[in-house]
Amino acid sequence: MLEITSRDNPLVRDYVRLRENRAFRRETGRFVLEGARLLGDALESGVRMETVFFTGEACEKHPALLASARDGGARVCLVGDAVAAKLADTAAPQGVFAAAFMLDKAFALDKINLGGAYAALENIRDPGNLGAVLRTAEALGLSGVLLSAGCADIYAPKVVRASMGAVFRTAFFQTEDLPAALSLLREKGLQTLAALAGGTTRLLTQLDLRGGVVAAIGNEGAGLSDACVDACDPFTIPMKGRAESLNAAAAAAIILWEIMRSR
């Protein structure tokens, strides 16, 4: 086990750069994760670790997890509290950190399951919301998630944590032109639907969701772009009370549950 005592160690600097820099993550095909549960989930999901960092206390508390990471070929490093504080991105770190290689979970639109159920997310920039949608999508058994270029990075630390590991197991497609992707899927025979806060009388509960379907969901501030709406059939979630809309994660949970319930 390599012992690291300096906060300026190259492995520590590399980890921090991965944590903070989306472009660097994409360039190197790596990301970081923090916490014992998340590391265990990642290992069980087939994520390959490059380097893991454990404090002495974490080594004593999670010996099986440490052994599993080492057996998987990871470089194992022992760090003190000062170095752990440099690595940490949470308020109450557990002393477990890892730099890992991204999984190839992307799918091609030309090979999409025409009978599948998908969410299409446009400009969901809040990491917590995006992670929550991915968690819901996996829990309900969706076929995959389409992401516009304006969405948060699915490998950002807060997204990974909020997804509770769903990012490791959810198929996704990232596109620079979500309206064009939706139009293509519509041409292929999938029902493309646009979730709106208002402006339509068509309710989610009135839809036939048994075939191939893609539900487009925008962020809570701006909603979906006109181009996305034009590529879809609009609908709204029936609501009572004075709330004008739901946040993206809450709306997605309702919509995706209704889709999977219908199947």
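How many bridges join strand E9 (residues 191–196) to E10? The views below, all taken from a predicted model, include the answer.

**View 1. Strand E9 pairs with strand E10.**
The two strands are joined by 4 bridges. They run parallel.

**View 2. Strand E10 is largely enclosed by the rest of the structure.**
E10 spans residues 213–218. Buried here means under 20% relative accessible area. On that cut-off 6 of the 6 residues of E10 are buried, so the rest of the structure largely encloses this strand. In a regular strand, side chains alternate between the two faces of the sheet. In E10, Val 213, Ala 215 and Ile 217 point one way. Val 214, Ala 216 and Gly 218 point the other way. Both sets are buried.

**View 3. An open sheet is built from 6 strands.**
Read the strands across in the order E8-E7-E6-E10-E9-E11. The pairing is parallel. Strand E8 (172–175) and strand E11 (233–236) stand at the edges. Each has a single partner strand, so one side of each is left without a neighbour in the sheet. On average, neighbouring strands of this sheet are turned by 25 degrees against each other, direction ignored.

**View 4. Strand E11 is joined to strand E9.**
There are 4 bridges between E9 and E11. These strands run parallel. Leu 193 has Asp 233 in E11 as its bridge partner.

**View 5. Helix H7 packs with helix H11.**
Two packed helices are described by the angle between their axes and the distance between the axes. H7 covers residues 127–140 and H11 covers residues 248–261. Their angle is about 15 degrees, and their axes lie 9 Å apart. Angles under 35 degrees count as roughly parallel, so H7 is roughly parallel to H11. The crossing of H7 past H11 is right-handed.

**View 6. Residues of both helices make the contact.**
From H7 come Asn 129, Ala 132, Val 133, Thr 136, Ala 137 and Leu 140. From H11 come Ala 248, Ala 249, Ala 252, Ala 253, Leu 256, Trp 257 and Met 260. The residues of this contact divide into 11 nonpolar and 2 polar, with no charged.

Terms used
Residues numbered from 1 in each chain as written. Predicted model: local features only at pLDDT ≥ 70, side-chain atom pairs only at ≥ 80, totals over all residues. Heavy atoms only, no water. Buried < 20%, exposed > 50% of the residue type's maximum accessible area, 1.4 Å probe, protein only. Pairing = 2+ DSSP bridges. Axes fitted to C-alpha atoms, helices over the stretch in contact; angles between N-to-C directions. Parallel < 35°, antiparallel > 145°, perpendicular 65-115°, else oblique. Left-handed = near helix turned anticlockwise from the far one by under 90°. Contact = heavy atoms within 4.5 Å. Nonpolar A, V, L, I, M, F, W, Y, C, P; charged D, E, K, R; others polar.
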